[in-house]
Amino acid sequence: VSTQSTGNWQKLTGDEVKEMIYKLSKKGLTPSQIGVILRDSHGVNQVRHVTGTKILRILRAKGLASKIPEDLYHLIKKAVAIRKHLEKNRQDKDSKYRLILIESRIHKLARYYKTKSVLPPNWKYESATASALVA
């Protein structure tokens, strides 16, 4: 149970918030997008204070969490977009450099997630198959 109490203005119960999280997740939203919607539209400033657990943990318990973590997914998506740009603009040296930086961040993050057993130990980022991961 959370150490901080929810405000007395909070009308939603933990179970109602969980149901909203399940619905929003089935629409294909990421945990951070779900948090923004709950905050802006429903007045839930921190899901953790209402339910006692974080959004991602709630989704994992229900089996709705994505295969690859959200931050890694967005880095891969960015790398795919830069690769696509570089196909048209081969001479763009700055983008080439940024792609190297982003891909090194992807490798570093993947290494971390492998140690934490979030990704399988044989998972590998390959630029050729990356577009299939974010499609």
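Among contacts in the chain between residues at least 6 apart in sequence, what percentage join residues at least 24 apart? And with that in mind, which residues of helix α1 are buried, and what covers them?

Reply: This is a predicted model. Of the contacts in the chain between residues at least 6 apart in sequence, 60% join residues at least 24 apart.

Helix α1 covers residues 14-26, which is 13 residues. From first C-alpha to last, α1 reaches 19 Å, close to the 18 Å expected at 1.5 Å a residue. Its buried residues are Gly14, Val17, Met20, Ile21, Tyr22, Leu24 and Ser25. An α-helix has 3.6 residues a turn, so residues three or four places apart point the same way. The cover over the buried residues of α1 includes α2 (31-42), α3 (47-51) and α4 (55-62). Just after α1, glycine 28 has a positive phi of about 100 degrees.

As for the whole chain, there are 7 helices and 0 strands. The radius of gyration is 19 Å, well over the 14 Å that the globule rule gives for 135 residues, so the chain is more spread out than a compact globule. Along the principal axes, the C-alpha trace spans about 60 × 30 × 25 Å. Buried residues account for 30% of the 135. The accessible surface is about 9,400 Å², with 52% of it belonging to carbon and sulfur atoms. Side chains include 27 positive and 11 negative ones, and the centres of these two sets lie 3 Å apart.

Terms used
Residues numbered from 1 in each chain as written. Predicted model: local features only at pLDDT ≥ 70, side-chain atom pairs only at ≥ 80, totals over all residues. Heavy atoms only, no water. Helix = DSSP H or I, 4+ residues; strand = E, 2+ residues; numbered from the N terminus. Expected span 1.5 Å × (residues − 1). Buried < 20%, exposed > 50% of the residue type's maximum accessible area, 1.4 Å probe, protein only. Contact = heavy atoms within 4.5 Å. Rg over C-alpha atoms; globule rule 2.2 N^0.38 Å. Areas by Shrake-Rupley, 256 points an atom, 1.4 Å probe, with all protein chains shown as cover. Lys, Arg positive; Asp, Glu negative; His and termini not counted. Charge placed at Lys NZ, Arg CZ, Asp CG, Glu CD.
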